[in-house]
Amino acid sequence: MATLASRPLDKLATGAAFFLGFATILGALGSQYIGGLQPCELCLEQRLAYYWGLPLLALIFILWNRLPLPVWYTAMAIATAIFAWGTYMGAYHAGVEWRFWPGPTACTGVGGPMSFDQLNNMTPVIGCDVVQFRFLGISLAGYNALISLAMVVLLIAAMVFQARRKA
């Protein structure tokens, strides 16, 4: 049986990134469906990185020893770029919450005129600049930015470990 120290660091770093991302999206979905927090437009957009990146990382794992190295690097670079975009989205959303810059008008604007008939079909809209939950002074969007950044670092480290192992 292989010990942890004898396992390739590239696979361990990729696995850590995958499980960190998987736990994060489960936490986001749990906070919505179990905890009752309603996501805003930017919250939903931030989840796209997980919906695209995690299946790609799972596919990389499934085909780990069968992928030609250039294909592996390309897939890892795409996954890293997806989570880098997720980092940007989380940081952007956190900045909207702190009112460093304006958010999209769909969830931070004052809206347009409305008729009384439209009041019957209203669904709640959560403002992107409204923080529903903070822990240690950081909102969920801020944690998403930090977690996505950690995943980017882990995926870059995996590529570096792979390059050193193959050199």
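I counted the elements and found 5 helices and 2 strands in the protein; helices (H or I, at least four residues) and strands (E, at least two) are DSSP runs, numbered from the N terminus. Along the sequence I read the pattern α-α-α-α-β-β-α. The model is predicted, with local features needing pLDDT of at least 70 and side-chain atom pairs counting only at pLDDT 80 or more, while totals for chains, interfaces and linings use all residues. Residues are numbered from 1 along each chain as its sequence is written, and side-chain values use heavy atoms, with hydrogens and water left out.

**Whole chain**

I looked up burial: 35% of the 167 residues are buried (under 20% relative accessible area; exposed is over 50%, partly exposed in between; 1.4 Å probe, protein chains only). For the accessible surface I noted about 10000 Å², with 70% of that belonging to carbon and sulfur atoms (Shrake-Rupley method, 1.4 Å probe; for residues, only the protein chains shown count as cover). Of the contacts (heavy atoms within 4.5 Å) with a separation of 6 or more, 75% join residues 24 or more positions apart.

**α1 against α2**

I took helix α1 (residues 9-33) and helix α2 (residues 41-62) and found them packed at an angle of about 145 degrees, their axes 10 Å apart. Axes here are lines fitted to C-alpha atoms, for helices over the stretch in contact, and angles run from 0 to 180 degrees between N-to-C directions. On the α1 side the contact includes T14, F18, F22, I25 and L29, and on the α2 side Y50, L54, L57 and F61 are among the residues. I sorted the residues of this contact into 11 nonpolar, 5 polar and 2 charged; Ala, Val, Leu, Ile, Met, Phe, Trp, Tyr, Cys and Pro count as nonpolar, Asp, Glu, Lys and Arg as charged, and the others, Gly among them, as polar.

**T14**

I placed T14 in helix α1. T14 counts as buried because its relative accessibility is 0%. A polar atom of the T14 side chain lies 2.8 Å from the backbone oxygen of D10. Leaving aside neighbours within four places in sequence, I listed L57, F61, W64, M76, L155 and A158 as in contact with T14.

**T87**

I found T87 in helix α3 (residues 69-97). T87 has 16% relative accessibility and therefore counts as buried. I noted 3.4 Å between a polar atom of the T87 side chain and the backbone oxygen of S148. Beyond neighbours within four places in sequence, T87 is in contact with A145, S148, L149 and V152.

Definitions and conventions
A polar contact is a pair of N or O atoms within 3.5 Å; within protein, one must be able to donate a hydrogen and the other to accept it, and residues adjacent in sequence count only if both atoms are side-chain atoms.
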